[in-house]
Structure formats: structure tokens, C-alpha cells
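Please examine the model shown below together with its sequence.

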Amino acid sequence: MGSVKVNGTSGVNGVHGDRHSMVEGARATDKGKRQYYPISSVYIVDLNPSREQYSYENIPFRREEDYEKILARLANAKDDNERKRIGLETGILRLPLLVASYAHIYPYFFSLDAVHQLYANIASHLHRLMIEDNYLPPHKLEKFGFWLEMAKATLPSTFCGPVRNIYTKLNTSFKLYEWMAVVHWYTVPFLLSLGVRYEVVSNYALFVRIAEFSMRMEERTEEDLQKFEQLIIEFLTGFEKLYITDPSKISRARLTLFQLIHIPNHIRWYGSFRLCSQATCERTIGYLGRKVRSDKSPFQHLANIIMEQEVIKCLKLYYPDLVPQDPPKPTRLLHKEYQITRAERAAPFSTWNQHRNAIYQFKGWDIEAPGSDIPLPTRWGKFSLDSGVTLRSEMSERNGKSSRSSRYFEAVTSAGISIFGEALAFYTWDKEDKDSILVAFHRINGVQNVLRCTHRGNLTSEVTVIEAKFIRSLVGVWAFQDYTYVLRKHAGLAVLSETELAAEAEREGNAGIVFETNITQTSEAMQL
């Protein structure tokens, strides 16, 4: 409602509540307000016989020349009744003060809010509808929530904070990063594993693809945006077919859903939809609110704080030397050495001998050659990636005390092939030479792109070796029965603050809780 006061439009309560188009709202009851925006449903006409028929391919978008004519009509109106009538017809109530800005171009000067629209509004709306229509009956919803809570064990803490049980926490304040995790990582794998109706899962997968495309900071061509527009139309059409099954359910076609159709134009104007997020503004407001201490003149104090911050920014730009530079910290590639004991070397089926056989095979060495001919490598538990993130191994986590795993990775070979796996240990003959570092790992084989929004494969028990220099990033995983789903970092994480990401510091040691996130055990627990 705050944006309505700023931009001078009627908002969701008006007949033309969409500020970017002239689509007329629809009623959900005989005498209800025209607040809803179904387009393709066959039930629209039952309660809205006089409403114009629209199609997603032919939306009447607002234009600046029409806006100027409406403002002229409002300025020349004889009384309040005439102005009210014009507002009812057009959705424009008055001339906003912000029209004085040189940057004002109607209608996209007043952008949508990426974070609230995609996650706080649409994601929660879809989840509640799946519950209402019994696609997620209570026993499945309870299992969904349990899996969500258990899944944090194999999601790196550098991705985001732990996601809570949505079954018990849905009616409380589910946090932004939690909704992002539910959308991008967990809902599609969980729904597939629960045996939810395929049309429901595939429709939700379309929404995941919309959110991912919208939030990525990438160059887009006109062809990309046209395909994206068709993706949105496919999702909205499927949504109305699935969830609007009688006239009383017209209210499910909320304005926030319909406004997905405007995201391609937002990308044309602004670039990534992520740049339209209100999260940065709200975070700044919260920060400034805590700084204000004056009861007598709070607004003057606020203005002084803002002015001071801007002056400091300008000084830093003019005089970079004013900003103290921390000396660069020496970067170590490998951490936490684990000695290869005599007992391990003597036992034929020990961890070391399994890794040794894989290393020899990778190097093309003769496994039957005497061990003394080749010097013993040094074994390590952690490896620092170029991004500064630390990839742990099964060995370091087994001997440490962390509640969340960071041992799963994505590597890209020189041929451009992506490899996913679970790091077991790192080996080298020269710890300063990155090219000589090897990682022994369990590979996730047969990785497929399911519904074009999530990847899954089968985690093998066979030990494989690859050069560590090919490792690009950490990934999370979620396993159920024979499938292991790969959880890559999603684009939405970039809008979160450090506090919201809730990254946990690494803690290693021999005391405390021993890390127990064997993926097979986790998968078995989730089936209970």
C-alpha cells in the first residue's frame, strides 16, 4: 500500500489495479471487488459476464502518452466525483510528486519488487494451494517439513542459514532465505519423491525456472526474453487450469501472479529483475532507524546521518588512501594434515589402500610395483578454492565437529564437462603446487537435468581421482532412495545480507559431536 501512495494509482483495490497494464480486475463473488486477474480460466465469465476477454499474448500494456492524457483529464476535472470516476476507469488517481524526476518514464519507473513478489508472495501462495487442494495431504506435508529440517546436514553453511520445518513454521514468519531454499532447492525434489501429481510438480518447476532466470545477472537478448515470456505464459496458463477449478476459486488468481508477465519488460528496462529488489532499501531503512536517537528532531537527525554517509562515500572515492587496507592474508591451499599410518598401509582394504589404488590408476602407475619406489604422498582434509571457500572432505568431517557438510563439489574438466562428487581426501607430493593436488572422491554418476530446474544422479561407492584444480564450487546434496539431488547456489542468494546468509564459522576438533552425515544413512532416515 505504501507504493500506491507514492505512485498515485488505485492499487489492488481498484478496477484497474495493475499499474503496468489496463487489464480489468475480476470478481470472485457476485458482489465482490474486482481484485483478481485470471486470464485463461473458463470460469471467468460466470461471475464477470461484462468483463473484456484477454489473452496473455495480447495484454494491453499502459503507455506514457495515455498516461499524460489521463493526467490532463484529472487536472481539468470539475469536482471530486469526476476525478473519482476517472480513477475508477483508469486506475490513475493523481499526479505523483516523483513525476518531477528526470528519470521518470511511465509505467516502469515504479518497478515491481523481485524478492517479495517471487518468494514472500507467490512461493507461499503456491505452497498453501497445494495444501488446500490436497496435493500435499497432512501426512505428505509432515514428511515434507521433516525432510526440509533434515536436509540442512548436507547443505553448506556458506549457502544460507538452516531451513526450518515448514509443516510447523508456515504460519510463523518464514524467512526470506528459507523461501528461497524451498523454491530453488527442495520443493521439486520433495514433490517428486512424495509422488505428487506430475502436472503439479511440472507447473511448480516452471515457476522455479522463472525465479532463476529473473534473478540471474546475465546479458539477455531479445530472443531470450521472448522465450522467457512464453515460459511465464505456460506457467500462468497451467496454474489456472490446476488451481481454478470452479468460479469460487477465481480469488486464487492474485495480482502478484499476473504481474509475472511484466518481468520481461522490467529486464528490458533495468537488467536483472534482482535489481528491482526492495530488500536493499528495507535493510537501509532498518539500519538508519536504529541510528536515530533524537526524540526532539528525529527527521533532522535522519537527514544528517544520510548526508554524513554520502559525504564519507564521496571522500573515499576522491581519496582511496583514507580507507585502511588490510595486508593480504597468506593463502594456503591445503589444511589439516592426516598422516598415513603403518596400520593403514598394511591393511589391504583400508581407506588409504582404496585411495592409493585409485591414484595409481589415475597416474597410470603399476599398482603391483613396490611401494618404496614411489614416495608416500601427504594426505589432507581441506582444500581452499579460488573463491576463498573451503572444501572439506569426508575424512575431515568424520574427525571434526560440524553440524553441516561442505564436502560435495562441482568440478569442470578441461573438456567443459561438469563432474559432481563427494570429496574423501586430498593428496599431494608438493602442497605449494596446485597442479599436483589430487582429490579422491565418490562420483555422482548419470546426472540428469530433471524438469530443467534440478539435477539428480546416483552417488557411487567407487573411489575416483581427479586433479583438484578443476574443482569450481561447493554444492549441497539431498538424497532419497537411489537418487542424489545436486543443490547449486542459486542467484537469489546475492540479495541477502551476511546476517541473513547466517554463515557458520568452521569448527574442527576431536572433541564434541562427531559429524555423522553419511548420505546413505541420511536417505534411510528420510524414508522413515
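A pocket here is an open set of points on a 1 Å grid over the protein atoms alone, where a 1.4 Å probe fits, with protein on both sides within 12 Å along at least five of seven lines; lining residues have an atom within 4 Å of a point. The model is predicted: local features need pLDDT of at least 70 and side-chain atom pairs count only at pLDDT 80 or more, whereas totals for chains, interfaces and linings use all residues. Residues are numbered from 1 along each chain as its sequence is written, and side-chain values use heavy atoms, with hydrogens and water left out.

The lining of this second largest pocket comprises 22 residues, and Arg209, Glu212, Arg216, Arg452 and Cys453 lie nearest its centre. Two or more lining residues come from each of α8, α9 (198-215), α10, β7 (454-467) and β10 (483-487); helices (H or I, at least four residues) and strands (E, at least two) are DSSP runs numbered from the N terminus. The largest share, four residues, is given by α9. By class, the lining has eight nonpolar, five polar and nine charged residues, with Ala, Val, Leu, Ile, Met, Phe, Trp, Tyr, Cys and Pro counted as nonpolar, Asp, Glu, Lys and Arg as charged, and the others, Gly among them, as polar.

Helix α8 spans residues 176-194 and contains leucine 192. Leucine 192 is partly exposed, at a relative accessible area of 25%; buried means under 20%, exposed over 50% and partly exposed in between (1.4 Å probe, protein chains only). Leaving aside residues up to four places away in sequence, leucine 192 touches Val201, Val450, Arg456 and Tyr485, contact meaning heavy atoms within 4.5 Å. Leucine 192 and tyrosine 485 are 293 residues apart in sequence, yet their C-alpha atoms are 11 Å apart in space.

Leucine 231 belongs to helix α10 (residues 222-243). Leucine 231 counts as buried because its relative accessibility is 10%. Beyond residues up to four places away in sequence, leucine 231 touches Leu206, Arg209 and Ile210.

Elsewhere, helix α13 (residues 279-291) packs with helix α14 (residues 298-318) at an angle of about 120°. Tyr287, Leu288 and Lys291 of α13 meet His301, Leu302, Ile305, Ile306 and Gln309 of α14.

How values were computed:
Axes fitted to C-alpha atoms, helices over the stretch in contact; angles between N-to-C directions.
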